[in-house]
Amino acid sequence: PLILFTVQDAVPRDNQWLKGMVTSLLEHELDAVCGGQAVPHDADKNPIQWYRPLSNDDSVDIKTGEQYDRANPQERLKMCSWDNVNALYRKTALQKIPFQDVRFGEDMTWARDWMAQGGRIGYAKRFKVWHYHHQHPGFTRKRQIYTHYWRHQVFGVLPQPKETKVSSPLSWLKRIVVHARIKNPMKILFWMRYNKMVLDEATLATGDFLAAAASGTQAMNNLYESLGASSPMATKTNNG
């Protein structure tokens, strides 16, 4: 038996999605397979994240326990970038290693545990679901810190600080006007401000987390607990 995990606001990209997930798992003799996610071209969704299908490549990126054993912490994190928004499991795998009762990241934690005991998983990015959350002020900071915290807890890694590129706003403008073909000045301004808010919150959150990490485990725990007991929740749409 196979068990499919997704979420209530995910929608199959096409009618080959489920068949492709099952075929990928069975043909490659995987214990579990993770599909992709994409953002559709809807007016209420961030055009910077719009998805444009470029390939029908059916290849599956397979990861094995042997590879995991040889990998460094950053490589292990990348190998276990698992997401239950679109994931298919053999029932026997979940019975052998159930999800841990954690506040965040139970999917990547499962992937870590499964790989550590010699499992075989794969990524089939062609088989996507449409999925999007609009990031209201405050969400990005919380989500970023949660992600950094749990990646550190599970894999012992710290984020790399990123410098804001001067070209970013120009790139956003090109994607909004040229690719998304948005001509309304108010809409253009809305999405420019929105993406700046997201970038600024993410950058500041990463800086706050790195400062806490430099002060030690207790400081990281204090920063994490200061965000409250509930996981970060985004909104589905916007009024921009």
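The model is a predicted one, in which local features need pLDDT of at least 70 and side-chain atom pairs count only at pLDDT 80 or more, while totals for chains, interfaces and linings use all residues. Residues are numbered from 1 along each chain as its sequence is written, and side-chain values use heavy atoms, with hydrogens and water left out.

The side chain of Lys45 meets that of Asp42 in a salt bridge, at 3.1 Å from N to O. The term stands for a side-chain nitrogen of Lys or Arg within 4 Å of a carboxyl oxygen of Asp or Glu. Asp44 also forms a salt bridge with Lys45, and here the closest N and O atoms are 3.1 Å apart. Asp42 is partly exposed, with a relative accessible area of 31%, and Asp44 is likewise partly exposed, at 22% relative accessibility. Over the whole structure, the search finds nine salt bridges.

Another of these joins the side chains of Asp208 and Arg141, at 2.6 Å from N to O. Because Asp208 lies in helix H8 (residues 185-215) and Arg141 in helix H6, this pair ties together parts that are 67 residues apart in sequence. Helices (H or I, at least four residues) and strands (E, at least two) are DSSP runs, numbered from the N terminus. Asp208 is partly exposed, with a relative accessible area of 34%, and Arg141 is partly exposed as well, at 28% relative accessibility.

The axes of helix H6 (residues 139-155) and helix H9 (residues 217-225) come within 10 Å and cross at roughly 145°. Axes here are lines fitted to C-alpha atoms, for helices over the stretch in contact, and angles run from 0 to 180 degrees between N-to-C directions. H6 passes H9 in a left-handed crossing, the term used if the near helix is turned anticlockwise from the far one by less than a right angle, with right-handed used if clockwise. On the H6 side, Arg141, Ile145, Tyr146, Tyr149, Trp150 and His152 take part, and they meet Met220, Asn221, Leu223 and Tyr224 in H9 (contact means heavy atoms within 4.5 Å). The residues of this contact divide into seven nonpolar, two polar and one charged. In this scheme Ala, Val, Leu, Ile, Met, Phe, Trp, Tyr, Cys and Pro count as nonpolar, Asp, Glu, Lys and Arg as charged, and the others, Gly among them, as polar.

Tyr149 and Trp150 have ring centres 5.7 Å apart and planes at 85°, so the pair is edge-to-face. Both Tyr149 and Trp150 are buried. Trp150 and Tyr224 form another edge-to-face pair, at 6.0 Å centre to centre and with 85° between the planes. This pair links distant parts of the chain, with Trp150 in helix H6 and Tyr224 in helix H9, 74 residues apart. Like Trp150, Tyr224 is buried. Elsewhere, ring pairs link Phe5, Trp82, Tyr89, Phe99, Trp110, Trp114 and Tyr123 into a cluster.

Ala124 belongs to strand E6 (residues 120-130) and counts as buried at 1% relative accessibility. Leaving aside neighbours within four places in sequence, Ala124 is in contact with Ser24, Val33, Cys34, Gly35, Gly36, Ser59 and Val60. Between Ala124 and Gln95 there are 29 residues of sequence separation and 23 Å in space, C-alpha to C-alpha.

Glu29, a residue other than glycine, has a positive phi, near 50°. The loop that holds Glu29 runs between helix H1 (17-27) and strand E3 (32-38), and Glu29 counts as exposed at 61% relative accessibility. Arg181 is not a glycine either, and has a positive phi of about 60°. Arg181 is found in the loop between helix H7 (168-179) and H8, and is exposed, with 66% relative accessibility.

How values were computed
Buried < 20%, exposed > 50% of the residue type's maximum accessible area, 1.4 Å probe, protein only. Phe/Tyr/Trp six-rings, centres within 6.5 Å; stacked < 30°, edge-to-face > 60°.
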